[in-house]
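Here is a short report for someone meeting this structure for the first time. Please look at the sequence and the model before reading on.

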Amino acid sequence: MTTTLTRRPAEQKHQQAQKAPAPLARREADGMAVASFVLGLVGLLVFNVALGPLALVLATLALARGTTRRGRAALGLTLGAADLIVLAALATTDHTLSWSI
């Protein structure tokens with residue numbers, strides 16, 4: 001004799017909610033990953049004082065929240081670090097925080 005256990009619909013919904021993160025949170029994390037990439041890329045050209053650290057923070061948050069765009073977040077981290085390296089190079093060579101043409 002086999003018995004089948006049936007769960008109440010409320011219990012099933014609760015278990016499904018625990019298994020998968022909310023789609024809105026994942027979408028926000030994906031947006032953070034893309035924003036970190038764009039800010040890091042733009043930061044190489046202008047305003048790297050603010051855009052570099054912002055790209056680093058957004059990429060870190062996106063990775064911590066489980067983004068599906070891990071490559072974009074990794075590029076955002078890399079470009080944010082590159083922004084800070086360019087800033088340090090400019091500050092030591094030209095004694096300025098901006099590009100000079």
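Leaving aside its neighbours within four places in sequence, which residues is asparagine 48 in contact with? The contacts are Gly43, Pro53, Asp83, Leu84, Val86, Leu87, Leu90 and Leu97. Asparagine 48 is in helix α3. With a relative accessible area of 4%, asparagine 48 is buried, because buried means under 20%.

**Overall picture**

This is a predicted model. The protein chain has four helices and zero strands. Along the sequence the pattern reads α-α-α-α. Of the 101 residues in the protein chain, 22% are buried. The protein chain exposes about 7,200 Å². Carbon and sulfur atoms supply 67% of that area. Take the contacts between residues at least 6 apart in sequence: 65% of them join residues at least 24 apart.

**Helix α4**

Helix α4 covers residues 70-93, which is 24 residues. From its first C-alpha to its last, α4 reaches 34 Å. That is close to the 34 Å expected at 1.5 Å a residue. The buried residues of α4 are Ala73, Gly76, Leu79, Gly80, Asp83, Leu87 and Leu90. Their cover includes α2 and α3. Just after α4 comes histidine 95, with a positive phi of about 55°.

**The core**

Which residues form the largest nonpolar core? There are five: Met32, Ala33, Leu58, Ala62 and Ala73. The elements that give two or more residues to this core are α2 and α3. In soluble globular proteins, nonpolar side chains tend to be buried together. Methionine 32 touches Leu58, Leu61, Ala62 and Arg65, not counting residues up to four places away in sequence.

**The loop between α2 and α3**

Helix α2 spans residues 23-43, and α3 spans residues 48-64. Leucine 45 lies in the loop between them. Phenylalanine 47 is found in the loop between α2 and α3 as well. Phi of phenylalanine 47 is near 55°, a positive value in a residue other than glycine. A nonpolar patch on the surface is formed by Val38, Val42, Leu45, Val46 and Phe47. Together these residues have about 490 Å² of accessible area.

Is leucine 51 buried or exposed? Leucine 51 counts as buried, at 14% relative accessibility. Leucine 51 is in helix α3. Beyond its neighbours within four places in sequence, leucine 51 is in contact with Leu39, Val42, Gly43, Val46 and Asp83. Val42 and Val46 are also listed in the surface patch. Valine 38, another patch member, is 13 residues from leucine 51 in sequence. In space the two are 9.5 Å apart, C-alpha to C-alpha.

| Residue | Relative accessible area | State |
|---|---|---|
| Asparagine 48 | 4% | buried |
| Leucine 51 | 14% | buried |
| Leucine 45 | 61% | exposed |
| Phenylalanine 47 | 61% | exposed |

Why do leucine 45 and phenylalanine 47 count as exposed? Leucine 45 is at 61% relative accessibility, so it counts as exposed, the cut-off being over 50%. Phenylalanine 47 is exposed because its relative accessible area is 61%.

How values were computed: Residues are numbered from 1 along each chain as its sequence is written. This is a predicted model: local features need pLDDT of at least 70, side-chain atom pairs count only at pLDDT 80 or more; totals for chains, interfaces and linings use all residues. Side-chain values use heavy atoms; hydrogens and water are left out. Buried means under 20% relative accessible area, exposed over 50%, partly exposed in between (1.4 Å probe, protein chains only). Contact means heavy atoms within 4.5 Å. Accessible areas come from the Shrake-Rupley method with a 1.4 Å probe; for residues, only the protein chains shown count as cover. Patches are made of residues with over 30% relative accessible area and no salt bridge: like charges are joined within 9 Å, nonpolar side chains (Val, Leu, Ile, Met, Phe, Trp, Tyr) within 5 Å. A salt bridge is a side-chain nitrogen of Lys or Arg within 4 Å of a carboxyl oxygen of Asp or Glu. The expected span of a helix is 1.5 Å times one less than its number of residues. A nonpolar core is a set of buried Ala, Val, Leu, Ile, Met, Phe, Trp, Tyr and Cys residues joined through side-chain atoms within 4.5 Å.
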